[in-house]
Amino acid sequence: MDDEALLAGLSTGDTDVSLAFVRRFQAHVYAVALAILGDPTAAEDVAQQAFERVWRRGSTYDPRRGSVRTWLATITRNLALDSLRRRRPDPVDPTDLIRLYGPSPDEPEASTIRNESRSQLQGALRSLPPEQARALVMAGVYRMTAQEVAEAEGIPLGTAKTRIRSAMTKLREHLASTEVTSD
Amino acid sequence: MTCTQVEQSATEYALGILPTEEARAVSAHILRCPDCRREVDDIRRVGDQLLDLIPDAEPPLGLDQRVLSAVRPQPTARPARPARRPVRRPGQMRLLVTGAAAAALIVIGAVTATTLSSPHHPAHPAELTAILREGNHNVGTIYVGGHPTWISMAVDHLSVTGKVSCQLVYRDGTVTDIGTFDLVDGSGTWGAPDPAGAAQPSGARLVGPAGEVLATASFSAE
């Protein structure tokens with residue numbers, strides 16, 4: 001059953017479908033929560049909240065905005081950031097998360113290269129100058145404002161804005177130029 | 001705001017991190033400019049895809065069972081509730097985000113019920129509008145919709161001047177802070193990207209500087 005069909009099946013209340021859905025996505029949902037929170041217990045709480053939210057709002061999934069997996073990840077990310085802000089009002093240190101995006105020669109192929117477009121995105125991010133990749137991860141994943149990025153990196157606001165904008169532009173250009181034409 | 005100006009702020013806007021005033025200006029522009037709207041949508045999509053790169057992690061044993069136990073009490077979608085107020089056609093529901101408080105704000109309606117109960121994916125993200133009330137008085141309107149999802153709020157006749165915060169309230173009781181804006185002589189308009197993305201709020205509220213609830217709005221017909 002494809003992801004969208006599985007999501008649609010949640011509304012039937014069928015236990016097998018529900019279990020299949022959770023099992024298909026729990027590793028990713030948990031991973032996103034853990035990457036942001038850094039704490040397994042807090043991450044588990046957020047992962048559970050994310051699934052609960054999906055149960056309540058599954059019918060609001062819009063395929064035009066991305067895959068079910070990505071949609072789940074954004075729900076998880078938003079909950080994780082809410083949790084983080086409640087627990088720690090200071091700006092986040094994104095070092096651990098950024099390390100996940102860095103070059104990792106001994107990563108097993110199967111777990112990182114899930115599909116063509118994902119490997120393109122990974123390659124694109126790694127092709128960015130490190131300071132731009134950092135700014136983009138801070139802004140794009142942690143939803144840090146340009147001001148917060150500037151403070152975290154010790155750079156002027158204008159520089160932070162430029163890094164965020166340039167990183168995204170370069171990322172999109174790289175993705176467009178290496179686009180796989182077959183779907 | 002011109003397309004060139006919007007391009008400068010597009011990434012920050014799409015990622016939901018642009019300061020409120022600038023975000024309002026971008027929002028007003030993209031309501032009328034499909035090219036810029038497409039650009040913002042694309043950036044947002046790429047931004048979300050950054051999350052795809054996080055490698056899977058082995059979850060704690062039994063997480064799936066715990067999730068199932070937590071969600072089992074409500075395994076089915078909520079039954080449809082009829083809207084209490086007349087519903088305008090989608091074309092009439094768009095709010096223009098402008099500096100002036102009065103214009104184009106008299107939209108009344110609640111579409112939450114039918115959208116939430118649909119077993120199929122909606123053709124468009126839901127658009128919700130509701131009246132903000134302070135006690136028995138109507139003090140403004142709030143609109144959630146658009147693509148990317150945008151929250152617009154317009155307040156008139158509120159007996160408060162100063163900083164107020166907008167919050168979205170969800171059925172599970174959670175509350176999300178959307179942002180803070182200034183009321184002058186009890187009036188103001190304001191907008192922000194919806195940080196919850198695909199989430200559907202059940203209501204909204206306006207809170208004052210001390211956290212006191214000033215006005216509330218309900219999107220559902222409860």
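Asp48(B) and Arg77(A) are both buried, where buried means under 20% relative accessible area, exposed over 50% and partly exposed in between (1.4 Å probe, protein chains only). Their side chains meet in a salt bridge, 3.6 Å from N to O; the term requires a side-chain nitrogen of Lys or Arg within 4 Å of a carboxyl oxygen of Asp or Glu. This pair crosses between chains, from helix α3 of chain B to helix α4 of chain A. Helices are DSSP runs (H or I, at least four residues), as strands are (E, at least two), numbered from the N terminus. Asp48(B) has 10% relative accessibility and touches Thr70(A), Thr74(A), Arg77(A) and Arg143(A), leaving aside residues up to four places away in sequence; contact means heavy atoms within 4.5 Å.

The model is predicted, so local features need pLDDT of at least 70 and side-chain atom pairs count only at pLDDT 80 or more, while totals for chains, interfaces and linings use all residues. Residues are numbered from 1 along each chain as its sequence is written, chains are lettered from A and ligands numbered from 1 in the order in which they are written, and side-chain values use heavy atoms, without hydrogens and water.

Other salt bridges also join the chains. Asp56(B) and Arg69(A) meet at 3.0 Å, N to O, linking the loop between α3 and α4 of chain B to helix α4 (residues 68-87) of chain A. Asp56(B) is partly exposed at 32% relative accessibility, whereas Arg69(A), at 12%, counts as buried. Lys161(A) forms a salt bridge with Glu12(B), with the closest N and O atoms 3.1 Å apart. Lys161(A) lies in helix α10 (residues 157-177) of chain A and Glu12(B) in helix α1 (residues 3-14) of chain B, so this pair too joins two chains. Arg172(A), Glu39(B), Asp42(B) and Arg45(B) are linked in a salt-bridge network.

The interface as a whole takes 63 residues from chain B and 65 residues from chain A. The two chains bury about 6000 Å² between them, 58% of it on carbon and sulfur atoms; this is the accessible area (1.4 Å probe) lost on putting the two parts together, summed over both.

In helix α4 (residues 63-71) of chain B, Leu63(B), Asp64(B), Val67(B), Leu68(B) and Val71(B) are buried. They lie on the same side of α4(B), because they cover an arc of only 135° around the axis, taken from the directions from the helix axis to the C-beta atoms. Their cover includes α2 (15-37) and α3 (40-57) of chain A.
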